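Colleague: I am new to this structure. Please pick a single part and take me through it closely, then show me how the rest relates to it.

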Amino acid sequence: MGLWYNAKMRWILHVDMDEFFVAVERLYDESLAGKCVLIGSKSPRGVVATASYEARAFGCHSAMPMTRALRLCPHAVVVRPTMERYGEWSGKVFDIFTRFTPLVEPLSIDEAFLDVTGSRRLLGEPIEIAREIKRAIRSELGLVASVGIAPNKFLAKIASDLEKPDGLTVIAPDATRQTLDPLAIRKLWGVGPKTAELFERRGIRTVGQLRTMDLDILESFLSPRAAAHFLSLSRGEDDRPLVTDSRAKSIGQEQTFTVDNDDDETLHAVLLDQTLQVARRLRRAGLYAGSVSIKIRSGDFRTFTRSRKLPESTQTTEVLLQKGRELFDAFRREKPFPVRLLGITAESLSDSGGGQMSLFSQTTRGDEKHKRIDSAVDSITERYGDSAIRRARQIDPDEPS
Amino acid sequence: MKVIAQTSALQEALALAGSIVVARSPKPVLQCIKLVAEGDTLTLMATDQEVGCRYLLTSVKVEEPGEALIPADRLSGIVREAGSDEALTIETDGETVMVTGAGSRFKLYGYDPAEYPSVGEFSDGADFEIPSAVLGDMITKTVFATAKAHSHYAISGVLWEAEGTALQLVATDGHRLAQARGSLSAPATEAKSAIVPAKLMSMLQRSNRGDERLEIKIAGSQIFVRTMRMTLVSSLVQGNFPKYEDVIPTGSTATATIPTTEFQHRVRQAALLTNEESRGVQLSFAPGVVKISGRGPETGEAEAECAIGYSGDEMQIGFNPAFVIDAMKVIDTDEIALDLSASNKPALIRSGSDFLYVIMPVDLG
C-alpha cells in the first residue's frame, strides 16, 4: 500500500449492493435481464422499492409512486417484492462479509460497513479484500456490489456511491479534499432537505464551500454541535466506530420514505423486510430480544414509538414479526396518518434466551402452517447453513405475480 | 324495572360479574352490566364477548319486572359505598336508573338494554359434574403454567380432558407442563376435550366457594359452567394443544425424594443473586444432598443445600428457579419425587397420585 498508510489508521469498507431487489428477482426469472424492472406494489398508492438501471434511464427511482414510474416507463415489468427472498439473499451476502471480518455493521438489507483494519495481515490490503468480496458476491451469488474504501465510515459511504454500479473506489487521505470538495452539500451525513436549504440559502452548495467556512458563521444558523459536525465531515473526518450487533444494546432497522406512505400493503412489506433482517442479525450475533419496538414518523416529523415486552426472549422471526405487526396495526388504527419513516427494533438484548430449552421444539410457537414452515426454515438455516434453505423454498414457492 | 336487593348480595354478584367487564371499550355498552328482574329473581349479566356470566340473586323483591343496562364501575362504586346490611332499590325510568339506599340517592344514565350482546345460556343436561373444591384445587395446580402472552395460541389455555369418572387438566408454556387429575361427582356421558382460556379458569377460581357442585357442558366452541347461583360461559381456545403425552418422561436414571417446603426455600436462596439474563440455578444431586447454586455476573454467587433421599448417579442440571418455585407453591404434599434422566432432558416432579410437573432444563453452558 502507498505512503499514506499509518499504523493508527482504520480501513472501512462500505459495501452497497447494486439494484439489489431487481438483481435477486433476476436470479429467479432470467427474462427480466436487461429489461426495465420496477419492484413494488401496483396498488394505487404503491411506491417503487427498486428500479433497475434500465428503468432509471427513464427517470424512475426508488420511493417514486408506482403510477408515476409507469408513466415515465410504460413498458417496465412490475414485480411484487418478495421480501422473504431478499432476506435470504441478504443473509448470504452478509455471510460472505463475515468471512473477511467479524466487524460488520449492517445499515440495511443490502448495505454494510466492514472494518477490515485487523484483516490486513491475514487477507491483504483493503483494496484486495474489497476485490475479493466483490468476486465472491458475483461468483457465488450472481449479484453485484459496489464497494467504497476509506479511513472512516463517512468517506467509505461516499466512495461506494462514486462509481456505482459495480464500483470499487478508494478515498485515500491525500485525495479526500479533491473528492469531497465538488460534492453537493446534501451528500453529507445528517444533511436532509431542511438543512440543505439552510446552507443553500447562504450560498453554500458544495462540501468545498462549507470546508472553508468559519465555525462561528455556521453557528449563526446551526446548533454548535451540528456546526462542528458538518465542518469535520467536510474535512473528511469521522471517528464513529462500527456498531456491530454483538455489542449492540438494540438491533433495529428503519427506513425513511421520500414520499409519505399510506399504503398498508407496502408498509407491511417494509416491516416484514425489516423484521427478517433484525431477526437474522439477532441470530448472527447470538442475541435474544426481550422486547420489540416500532418507530413511526409522520410527514410533519412527529415521531412515535410503541414497544412491548416479549413473554420470553427470542430471536425467532415469527415472534418478532407478530409483535411488530400487532404494534403497527394498533398504531395505524389509532393514528392512520401517512408514514414518513417506519422502523422496528429488537431491544432488551441478552446473550441467551436464558438457555431455557423447549419441551415441544417449535410447535408451541404458532398454529398456522406457514408459521411452522417459517420457523423450520429458520432453524434449518441456523443449524445447517444456507445450502439447506433451497429445499425449504421449494416447499413454499413464492412466485412474483 | 323496580327491584329491591340486599347490598351484600349485590356486592358478591358484582365482584364476580364486574370482573368480566372490560374497563375500556370503544362500545360503551360493553362497559355495562345488564340487570334483568323477572319472577322473584334478579339476574346480573356481564360479558366481554369471550367470557360471560349470569349471576342469579334470589333474595330480592321484584316490584316491577324489567331490564336495565348500567355502567359497571359506577354501579360497583355505589354498591361498595353502601352499608352491607342496607337494602338498595334499583328503579328504571327509560334508560335512566335510580338507585336509592338508606340516606343516599343516585340517578345514573344507563343505556338501552336491548343493545347488550347476548350471554349464552346453559341448556339441556351437563356433560359431567365436579365438586368446586376439587376443580379449584386442580386449577390452582395448573393455571400458573399457561403461556401468558401467547394470547391466541392453544397453550394460552388449559386443556380439559374428561373421561369416565376423571377430569384431567394440562397446562404448559412450552418450557414446563403441569398436569392435575381429579374425580368427577357425576361421570362424563362421553369423552370430552377442550382448551379453556385462562380467564375463565381464574373466574372459576375467584367464584369458588368450595362447597358447590359444578355442572359442566362443552358444546360447539363454548364451555358452560353452572352452579345454583350462576352460569359462566366462555369461548374455547381454538387450535391444537401440543402432544403433551410425548414429553412426560416415562423412564429415569435417578430419583430424588425432596422435602417440598425446604426445597422451595433453598431454591429461592440460590436464586437471590441471579438476574434476568442468567436466570438459571444449578442443582447438583448426590446421595443424601442436593446443592443448589446461582450466580449473576454483576452480583455474585449463592449456594444452598437441602437434604434429600437419592438413588442414581450424581447429576447436575440447571433450572429456571421460578419454574421450580411455582410448582412448590401449589404442591400440597410434604415430599415430592423428582425423576431425572439427563441434564438436557425434561425432569419430572410427582406429588401424590394426581399431580405431575415436567420442567425442561436450562443450559447453563
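**A strand inside a sheet**

Modeller: Start with strand 12 of chain B. B:A166, B:Q168, B:V170 and B:T172 point one way from it, B:L167, B:L169 and B:A171 point the other way, and all are buried. Buried means under 20% relative accessible area, exposed means over 50%, and partly exposed lies in between, with a 1.4 Å probe and protein chains only. In a regular strand, side chains alternate between the two faces of the sheet.

This is a predicted model: local features need pLDDT of at least 70, side-chain atom pairs count only at pLDDT 80 or more, and totals for chains, interfaces and linings use all residues. Residues are numbered from 1 along each chain as its sequence is written, chains are lettered from A and ligands numbered from 1 in the order in which they are written, and side-chain values use heavy atoms, with hydrogens and water left out.

Strand 12 of chain B spans residues 166–172, and seven of its seven residues are buried, so the rest of the structure largely encloses it. Helices (H or I, at least four residues) and strands (E, at least two) are DSSP runs, numbered from the N terminus.

Now its partners. Strand 11 of chain B (residues 157–163) runs antiparallel to strand 12 of chain B, and five bridges join them. Two strands pair if DSSP finds at least two bridges between them. B:E161 has B:Q168 as its bridge partner in strand 12 of chain B. Strands 11 and 12 of chain B form a hairpin with two residues between them. B:G164, in that turn, has a positive phi of about 60°.

On to strand 13 of chain B (residues 176–183). It pairs with strand 12 of chain B over seven bridges, again in the antiparallel sense. B:T172 is bridged to B:L177 in strand 13 of chain B. B:A166 is bridged to B:S183 in strand 13 of chain B. Strands 12 and 13 of chain B also form a hairpin, with three residues between them. In this turn B:G174 has a positive phi of about 95°.

Step back to the sheet. Nine strands of chain B form an open sheet in the order 14-11-12-13-26-25-24-18-22, with antiparallel pairing. Strand 14 (192–197) and strand 22 (309–311) of chain B stand at the edges with a single partner strand each, so one side of each has no neighbour in the sheet. From one strand to the next, the twist averages 15°.

Axes are lines fitted to C-alpha atoms, for helices over the stretch in contact, and angles run from 0 to 180 degrees between N-to-C directions. Helix 5 of chain B (residues 260–271) lies across strand 18 (254–259) and strand 24 (335–340) of chain B, running at about 95° to strand 18 of chain B.

Chain B as a whole has six helices and 26 strands. Of its 365 residues, 53% count as buried. Among its contacts between residues at least 6 apart in sequence, 67% join residues at least 24 apart. Contact means heavy atoms within 4.5 Å.

Chain A has 16 helices and 12 strands. Buried residues make up 52% of its 401 residues.

Take one helix there. Helix 6 of chain A (residues 126–141) has 16 residues and reaches 22 Å from its first C-alpha to its last. Its buried residues are A:P126, A:I129, A:A130, A:I133, A:K134, A:A136, A:I137 and A:L141. They cover an arc of only 160° around the axis, which puts them on the same side of helix 6 of chain A. The arc is that of the directions from the helix axis to the C-beta atoms. A:G142 follows helix 6 of chain A, with a positive phi near 75°.

A:F230 lies in helix 12 (residues 224–234) of chain A. A:F230 is buried, at a relative accessible area of 4%. Beyond its neighbours within four places in sequence, A:F230 contacts residues including A:L188, A:W189, A:F199 and A:L222. A:P336 sits in the loop between helix 14 (317–334) and strand 12 (339–347) of chain A. A:P336 is exposed, at 56% relative accessible area.

Methods:
Expected span 1.5 Å × (residues − 1).
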